[in-house]
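User: I am new to this structure and would like to learn how to read it. Please show it to me before we start.

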Amino acid sequence: TKRYSCSGSDPEPEQLYRFVSEGTPVVVWGTIGMEERQIMESWNTEDGREASWAMNDHCVVLIGYSADSVTVADPIEGIVSYDRAQFESAFRSRGNQCVILKNVQ
């Protein structure tokens, strides 16, 4: 298994859907319930970069999608469907961060 990190390459949601359509689930950073991101806390790392987090930051595994919705495996709620636009907004609010695990032959 090889791990591909999406952070830094700013993947668009369509790229995530392409992986899912190929049978590859994607770990996605978003928010609890795909709600608007709450007030953030931030600090500077030793090398001067700003790091931030919000109380409702959350990760899910994207496992399916349609024209109007996405299906995720959520460690809090189980298998849940969300409005696709709401999901994409939460994904973008977390800087388009994701991790893809893909078998390589």
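Analyst: We go from the overall layout to single residues. This is a predicted model, in which local features need pLDDT of at least 70, side-chain atom pairs count only at pLDDT 80 or more, and totals for chains, interfaces and linings use all residues. Residues are numbered from 1 along each chain as its sequence is written, and side-chain values use heavy atoms, with hydrogens and water left out.

User: How many helices and strands are there in the protein chain?

Analyst: Helices (H or I, at least four residues) and strands (E, at least two) are DSSP runs, numbered from the N terminus. The protein chain has two helices and eight strands, in the order β-α-β-β-β-β-β-β-α-β from the N terminus on.

User: How do the axes of α1 and α2 cross?

Analyst: Axes are lines fitted to C-alpha atoms, for helices over the stretch in contact, and angles run from 0 to 180 degrees between N-to-C directions. Here the two axes come within 11 Å and cross at roughly 110 degrees. The helices α1 and α2 are therefore roughly perpendicular, a label for angles of 65 to 115 degrees (under 35 is roughly parallel, over 145 roughly antiparallel, the rest oblique).

User: Which residues of α1 and α2 meet?

Analyst: Contact means heavy atoms within 4.5 Å. Pro13, Glu14, Leu16 and Tyr17 in α1 meet Arg84, Phe87, Glu88, Phe91 and Arg92 in α2.

User: Where is Met34 found, and is Met34 buried or exposed?

Analyst: Buried means under 20% relative accessible area and exposed over 50%, with partly exposed in between (1.4 Å probe, protein chains only). Met34 is in the loop between β2 (26-31) and β3 (40-44), and its relative accessible area of 5% makes it buried. Leaving aside residues up to four places away in sequence, Met34 touches Val60, Tyr82, Gln86, Phe87 and Ala90.

User: How much of the protein chain counts as buried?

Analyst: Of its 105 residues, 34% count as buried.
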